[in-house]
Amino acid sequence: MKRDEKEEQFNQIVTENSERIRRVCSYYSANQHDQQEIFQEVLIHIWKGLERFRGESAMGTWIYRIAVNTAITHTGRVRRHLKVSMYTDTQRLSSLLDDDALEEERLKEKQLNALQSELNTLSIIDKILISLMLEELSTKQMADIIGITEPNVRVKIHRIKTELKRKLSGKNYGNE
């Protein structure tokens, strides 16, 4: 691939995916500086890997895989022992709760804060799955990114949601 072609393809990837990449970065750090560092590292990895992309998966899946792996690597720890906090806007988190059960905006905010706290107790793989689900990726795309089977993705997401609902259902969100 000629350098001009590579630059053109890279610029198109950045234009079409920068917001998605930034959201993935925000799931792994609340610090704007760290998010920007992760974002820059993702772009570097995309640039370096562009010529090796074989098209075995969708370009978007490949980019998500790079973003997730870069965010994990950025912390400099082993995957299984990694402590990653998820930081996302409450609008995206609300898709994990039953909106019908929420009667007041204040109650909803308390529930979403509790949900965010519970998300931060999940294992790294579970956090990755939830962040990809919030990005509205298909279970096939999630499976490709994480490297597990599609049925395993569905089972894990179901278990995560069930456990989150169980933990959150017993909490009192009234005036404290």
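**Criteria and conclusions**

Tutor: Apart from its neighbours within four places in sequence, Lys 6 is in contact with Met 1, Trp 47, Leu 50 and Glu 51; contact means heavy atoms within 4.5 Å. The model is a predicted one, in which local features need pLDDT of at least 70 and side-chain atom pairs count only at pLDDT 80 or more, while totals for chains, interfaces and linings use all residues. Residues are numbered from 1 along each chain as its sequence is written, and side-chain values use heavy atoms, with hydrogens and water left out.

Student: Why is Lys 6 called buried?

Tutor: Its relative accessible area is 9%. Buried means under 20%, exposed over 50% and partly exposed in between, with a 1.4 Å probe and protein chains only. Lys 6 is therefore buried, and the residue lies in helix 1.

Student: How many helices and strands does the chain have?

Tutor: There are eight helices and zero strands. Along the sequence the pattern reads α-α-α-α-α-α-α-α. Of the 176 residues in the chain, 40% are buried. Among contacts with a separation of 6 or more, 68% join residues 24 or more positions apart.

Student: How does the span of helix 2 compare with the expected value?

Tutor: Helix 2 (residues 32–49) has 18 residues. The expected span is 1.5 Å times one less than the number of residues. For helix 2 this expectation is 26 Å, and the helix reaches 26 Å from its first C-alpha to its last, close to that value.

Student: How do you know that the buried residues of helix 2 line one face?

Tutor: Those residues are Gln 35, Ile 38, Phe 39, Val 42, Leu 43, Ile 46 and Gly 49. Seen down the axis of helix 2, they fall within an arc of 140°, so they line one face of the helix; the arc is that of the directions from the helix axis to the C-beta atoms. They pack against helix 1 (3–28) and helix 3 (59–74). On the other side of helix 2, His 33 and Lys 48 are exposed.

Student: Why is the pair of Glu 118 and Lys 167 called a salt bridge?

Tutor: A salt bridge is a side-chain nitrogen of Lys or Arg within 4 Å of a carboxyl oxygen of Asp or Glu. The closest N and O atoms of Glu 118 and Lys 167 are 3.6 Å apart, which meets the criterion. Glu 118 lies in helix 5 (residues 105–119) and Lys 167 in helix 8 (residues 150–169), so the pair ties together parts that are 49 residues apart in sequence. Glu 118 counts as buried at 13% relative accessibility, whereas Lys 167 is partly exposed at 31%.

Student: Which value qualifies Arg 154 and Glu 150 as a salt bridge?

Tutor: Their N to O distance is 3.4 Å. Both residues lie in helix 8, four residues apart, about one turn of the helix. Arg 154 has a relative accessible area of 42% and is therefore partly exposed; Glu 150, with 29%, is partly exposed as well. By the same rule Glu 56 and Arg 54, with closest N and O atoms 2.8 Å apart, form a salt bridge, and the count comes to eight salt bridges.

Definitions and conventions. Helix = DSSP H or I, 4+ residues; strand = E, 2+ residues; numbered from the N terminus.
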